[in-house]
Amino acid sequence: MRTLILSCCLSFLLTTPYSGHAQNNLPDVPVPAWTHLSSQTGELPKPDVGRQVAALIQDINLDGENDFVIASYTKMAWFRYNPDDQNWTRYLIEGGMPEGSLEAGGAFYDVNGDGSPDLVMGSAWQGEGGVWWWENPAPDFNPDTPWTRHLVVQVGGQHHDQLIGDFTGEGTPQLVFWDNHSGRLYLARIPSDPTQPWKAIVIAQVPLDGGRPEGLAGEDINGDGNPDIVGGGWWFEHLTGDNFQSHPVNPERQFSRTAVGQLIQGGRPEIILGSGDGVGPLEMYQWKGGQWVSKSLIPKMDHGHTLQVADLNGDGNPDIFTAEMYDPGAGEQCRSYVLYGDGQGNFRTEILSTGIGSHESKVGDLNGDGRPDILQKDFQHEQRIDIWLNQGISNQE
């Protein structure tokens, strides 16, 4: 059964377990209504991959409708959206790697140039430093046939987070990924034959005093028109060739989640750091007076391993979606939040759900109506998925 949540200043009157509660710290910022679907109630198919480490949103079959992917340490499946019955069908991508092979992260890109998006993902603790790409079989999709897997590179150990973009300004995208335990940031160019191993080079090395670096985002930080690399409490500026300069944001928060957006109009985009695999604040960093100045948005989050920036209420100002894990995490008190921004660095905070674990959850249009929705995935407690469909603004306060 679908539950429609109307977020408003009277939301405390709602009694459903997952109702939104909008805090009136910015009463003039509009809040959309949400429709909640769940695999727990049969409205979504069960992922059936095991402990869920990764989630991605992408139009995989190029029908104009986004699909989504759920991956575990050993398996991956994608869920194909059918707009006719507004439902999802499970398709296999990876049928079974050794335990501990796949890590959180992943990125889509047309690796082999055939016009269809392929999937890149990195190694967990038993993956022996592997990064792989899976070849999209379009148009020949079979729900029970896995995609062909190719080795990208075998280097380092654990690769939590991947990013694809043209970070060197040479006109073709490169793959960027962390080797988390060594603190090395790698860049790999796609060869003419991507089924052969790629060459990966170290473009940055961060000290490990602030923890193992995680989190990656691509955004033009210095205003030169080219995307820079942001992650692990740093941002990395391309100089020439394969040379990058490392700039600190807050190196004490390397073991964190990262997002970037123009949350304050004008100037450099703001950098958001979440608590990731730990307990800590959600902070926004603004470039001010020649330094990054932090502002606490949520003082304490328990394993806030979800962090996304998008305009969720359609007012033209970026918002923030963040959420806590269940176990490890806050258990029955774990929360997911939407922070609706006013473009001046102020936010109206909504508690979207309580008691649903969230790990690497994502934002994207999941039903083709042009509004960004939320794909919520837990890590291990119930191995469930939940979707929050954005119904837009109604019943303006």
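## Close-up views of a predicted model

**View 1. Strand 13 and strand 14 run antiparallel in this predicted model.** Strand 13 (residues 174-179) is joined by 6 bridges to strand 14 (residues 184-189), where strands (E, at least two residues) are DSSP runs numbered from the N terminus, and where two strands are said to pair if DSSP finds at least two bridges between them. Gln-174 has Arg-189 in strand 14 as its bridge partner, and Phe-177 has Tyr-186 of strand 14 as its bridge partner. The hairpin of strand 13 and strand 14 has 4 residues between the strands, and Gly-183 takes a positive phi near 75 degrees there. Residues are numbered from 1 along each chain as its sequence is written, and side-chain values use heavy atoms, with hydrogens and water left out. Because this is a predicted model, local features need a pLDDT of at least 70 and side-chain atom pairs count only at pLDDT 80 or more, while totals for chains, interfaces and linings use all residues; pLDDT is the predictor's confidence in each residue, from 0 to 100.

**View 2. The open sheet 12-13-14-15 has 4 strands with antiparallel pairing.** Its edge strands are strand 12 (162-165) and strand 15, each of which pairs on one side only. Neighbouring strands of this sheet are turned by 25 degrees against each other on average, direction ignored, with axes taken as lines fitted to C-alpha atoms and angles running from 0 to 180 degrees between N-to-C directions. Strand 14 is joined to strand 15 (residues 200-205) by 5 bridges, and these two strands run antiparallel; within this pair, Leu-185 has Ala-204 in strand 15 as its bridge partner. Strands of a sheet pair through backbone hydrogen bonds, either parallel or antiparallel.

**View 3. Another open sheet of 4 strands has the order 16-17-18-19, with antiparallel pairing.** Here strand 16 (217-219) and strand 19 (244-248) are the edge strands, each pairing on one side only. Strand 17 (residues 228-231) pairs with strand 18 (residues 234-238) in the antiparallel sense over 3 bridges, and the bridge partner of Ile-229 in strand 18 is Phe-236. Strand 18 and strand 19 pair in the antiparallel sense over 5 bridges, and Trp-234 stands opposite Pro-248 in strand 19. These two strands form a hairpin with 5 residues between them, and Gly-241 in the turn has a positive phi of about 55 degrees.

**View 4. The largest nonpolar core has 23 residues.** A nonpolar core is a set of buried Ala, Val, Leu, Ile, Met, Phe, Trp, Tyr and Cys residues joined through side-chain atoms within 4.5 Å, and buried means under 20% relative accessible area (1.4 Å probe, protein chains only), with exposed over 50% and partly exposed in between. Among the residues with the most contacts inside this core are Val-69, Met-76 and Trp-134. Strand 4 (52-58), which gives the largest share of this core with 3 residues, is one of the strands that each supply at least two residues. Met-76 touches residues including Val-69, Ile-93, Met-121 and Trp-134, not counting residues up to four places away in sequence, where contact means heavy atoms within 4.5 Å. A second, separate core of 16 residues includes Ile-70, Trp-88, Ile-385 and Ile-387.

**View 5. Asn-136 is a buried residue in the loop between strand 10 and strand 11 (148-154).** Asn-136 counts as buried because its relative accessibility is 2%. Its side chain reaches the backbone oxygen of Ile-60 at 3.1 Å, a polar contact being a pair of N or O atoms within 3.5 Å; within protein, one must be able to donate a hydrogen and the other to accept it, and residues adjacent in sequence count only if both atoms are side-chain atoms. Asn-136 and Asn-61 are 75 residues apart in sequence and 8.6 Å apart in space, C-alpha to C-alpha.

**View 6. Asn-313 lies in the loop between strand 24 (306-310) and strand 25 (319-323).** Asn-313 counts as buried because its relative accessibility is 7%, and its side chain reaches the backbone oxygen of Pro-30 at 2.7 Å. Leaving aside neighbours within four places in sequence, the residues in contact with Asn-313 include Val-29, Tyr-340 and Ile-393.

**View 7. Residues 1-24 have a pLDDT that stays under 50.** The protein chain averages a pLDDT of 92, and 93% of the residues score at least 70. Where pLDDT is low, the predicted coordinates should not be read in detail.
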